[in-house]
Amino acid sequence: MQNAKRQQSGDNSATLSVVTNNVEAPNSRQQVTGRLPAGSSYTTTETDTKTVGIQSSFGLEAGFFDLFTASASLTVSTDYSVSSATGITILIQCKDGQQGVLYWSPLFDRFQGNFNPSGDAYDVYIPMSESAGSYDALLSPRAATDIPTDLQYHVLALTRNAASGPARALLEAEHEHAHSITLVEGNLNDIESIRRIFEDARDSGKIWGVFTVLAYPGLGASADNEEQQGRRMAEIALEFHVEAYVYSTAIQAGLGEDKSLDLSHKAKYRVEQYCRELGSKGLNWVILRPGFFMENFEGLLGAVASTMFDKCLPPDTTIPVIASADVGSVAAAVFRNHTRFTRKTLSLTSGAMTMGEIKEDYAKAMEKPMPSVPGAAVKALANINSGARDILKESLLNHELRASGEYPDFDEEVALARSAARLQTYYEWKLQTKKEATGLGRWNKVSIVKLLTGRS
């Protein structure tokens with residue numbers, strides 16, 4: 001579905017208009033296998049099982065979902081799902097020399113109507129319990145650049161110091177997969193050290209894919225180094241014929257470099273454009289544009305950020321939010337099926353929310369109000385810190401761009417990201433962080449001291 005909307009808080013009923021049975025939902029088809037030769041057959045097993053749940057044009061908050069189910073005379077919960085069948089044999093009917101990829105297409109009942117009194121439309125797809133959908137073998141051109149979905153990856157994790165605390169912490173956190181991770185030393189400011197990593201990898205084949213996410217320099221800080229690093233990595237990927245190059249940037253304030261105020265966002269936009277230029281020379285780029293990280297609302301700095309958005313922006317301003325871990329989930333999905341995403345842009349957000357909605361979900365998940373600081377203090381802070389002002393202005397510009405329809409591709413980019421991986425809502429993410437009691441520290445290089453001195 002496209003960008004899920006939050007319904008009006010005053011709605012107290014719903015009206016069902018149309019019911020359509022035995023239909024496919026947008027982006028619901030799921031890949032089951034890699035390429036299979038023509039004339040072969042494949043029998044699905046337990047390891048091939050795929051699951052699909054309810055898809056909706058609105059957030060599945062209990063109150064609004066209850067209004068919908070009442071209008072449709074249904075008894076179904078928001079976590080209802082259906083799984084694909086096993087033991088099904090499918091013949092790969094392609095011509096000699098061609099290959100097919102097996103997909104599972106679940107079937108749904110579609111419900112369309114409106115909430116009252118706002119009149120907002122709803123569109124809901126519920127998986128059919130009496131049908132596990134169908135399997136289809138779709139023709140796929142032979143491509144040496146593709147990899148099977150069940151291929152085991154070996155990850156080269158770049159660090160300047162393999163003996164450092166963060167490097168060791170990575171291996172400890174991923175101890176179950178440590179055998180598939182090798183720490184390699186290099187410095188993005190020393191391009192020859194990066195080139196040596198690619199040359200050394202030739203002994204065991206080559207580096208197949210690269211995921212590039214660059215450190216944020218800080219609010220108001222120069223991003224010249226970030227831009228140079230982004231350009232160099234793209235050039236190296238092209239030089240060594242990397243098959244899948246995934247670059248993580250940010251949802252932009254507007255369509256064009258001149259719309260960005262934050263220096264890092266300007267640099268990201270220029271690197272995006274450079275990747276596209278290199279595409280004409282053979283670079284298989286994919287651009288991921290994450291929204292505002294949910295982690296930015298954590299801790300003392302999070303209280304400052306949430307209060308600043310709450311007090312310094314119009315109350316109807318919506319912020320596209322994303323959990324940082326979900327960027328990795330989407331990147332992994334892109335690597336698994338990279339030909340589908342090659343030379344495309346994905347905007348990553350589980351939904352665009354107002355600060356009022358964010359505070360409401362925080363309180364529901366944590367059973368207490370969202371921390372805040374005095375409004376007068378954050379307004380004074382915004383006056384003395386240009387970086388903070390730029391973030392506020394960009395947030396408003398982005399909201400206006402989406403609301404006005406001047407960014408017609410945004411919903412499509414969001415839908416593409418959601419088709420790759422499920423993205424956590426803010427409420428779901430808060431419930432998870434509550435269980436984990438995550439300590440994030442100064443993960444985004446912003447500190448109270450720098451904010452107060454106007455430096456970052």
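Among contacts in the protein (heavy atoms within 4.5 Å) between residues at least 6 apart in sequence, 82% join residues at least 24 apart. The model is a predicted one: local features need pLDDT of at least 70, side-chain atom pairs count only at pLDDT 80 or more, and totals for chains, interfaces and linings use all residues. Residues are numbered from 1 along each chain as its sequence is written, and side-chain values use heavy atoms, with hydrogens and water left out.

The protein has 14 helices and 20 strands; these are DSSP runs numbered from the N terminus, with helices being H or I of at least four residues and strands E of at least two. Of its 456 residues, 47% count as buried, where buried means under 20% relative accessible area, exposed over 50%, and partly exposed in between (1.4 Å probe, protein chains only).

An open sheet is built from four strands in the order 1-9-10-5, with antiparallel pairing; two strands pair if DSSP finds at least two bridges between them. Strand 1 (13-23) and strand 5 (55-56) are the edges, each pairing on one side only. Strand 5 meets strand 10 (residues 121-127) over two bridges, and Gln-55 has Tyr-125 as its bridge partner there. Elsewhere, strand 12 (residues 155-159) runs parallel to strand 13 (residues 181-185) over five bridges. With helix 2 (residues 165-173), strands 12 and 13 make a right-handed β-α-β unit: with the strands pointing away from the viewer, the path from the first strand over the helix to the second runs clockwise.

Now for charges. The whole structure holds 12 salt bridges, each a side-chain nitrogen of Lys or Arg within 4 Å of a carboxyl oxygen of Asp or Glu. Three of them are listed here.

| Pair | N to O distance |
|---|---|
| Arg-110 and Asp-123 | 2.8 Å |
| Arg-231 and Glu-227 | 3.3 Å |
| Glu-428 and Arg-422 | 2.7 Å |

Arg-110 sits in strand 9 (residues 108-116) and Asp-123 in strand 10, so this pair ties together parts 13 residues apart in sequence. Arg-231 and Glu-227 are four residues apart in helix 4 (residues 224-239), separated by about one helical turn. Glu-227 counts as buried at 10% relative accessibility, while Arg-422 counts as exposed at 60%.

Which charged residue is buried yet has no salt bridge? That is Glu-394, whose nearest side chain of opposite charge, Lys-266, is 7.1 Å away (Lys and Arg count as positive, Asp and Glu as negative; His and the chain ends are not counted). Glu-394 belongs to helix 11 (residues 386-404).
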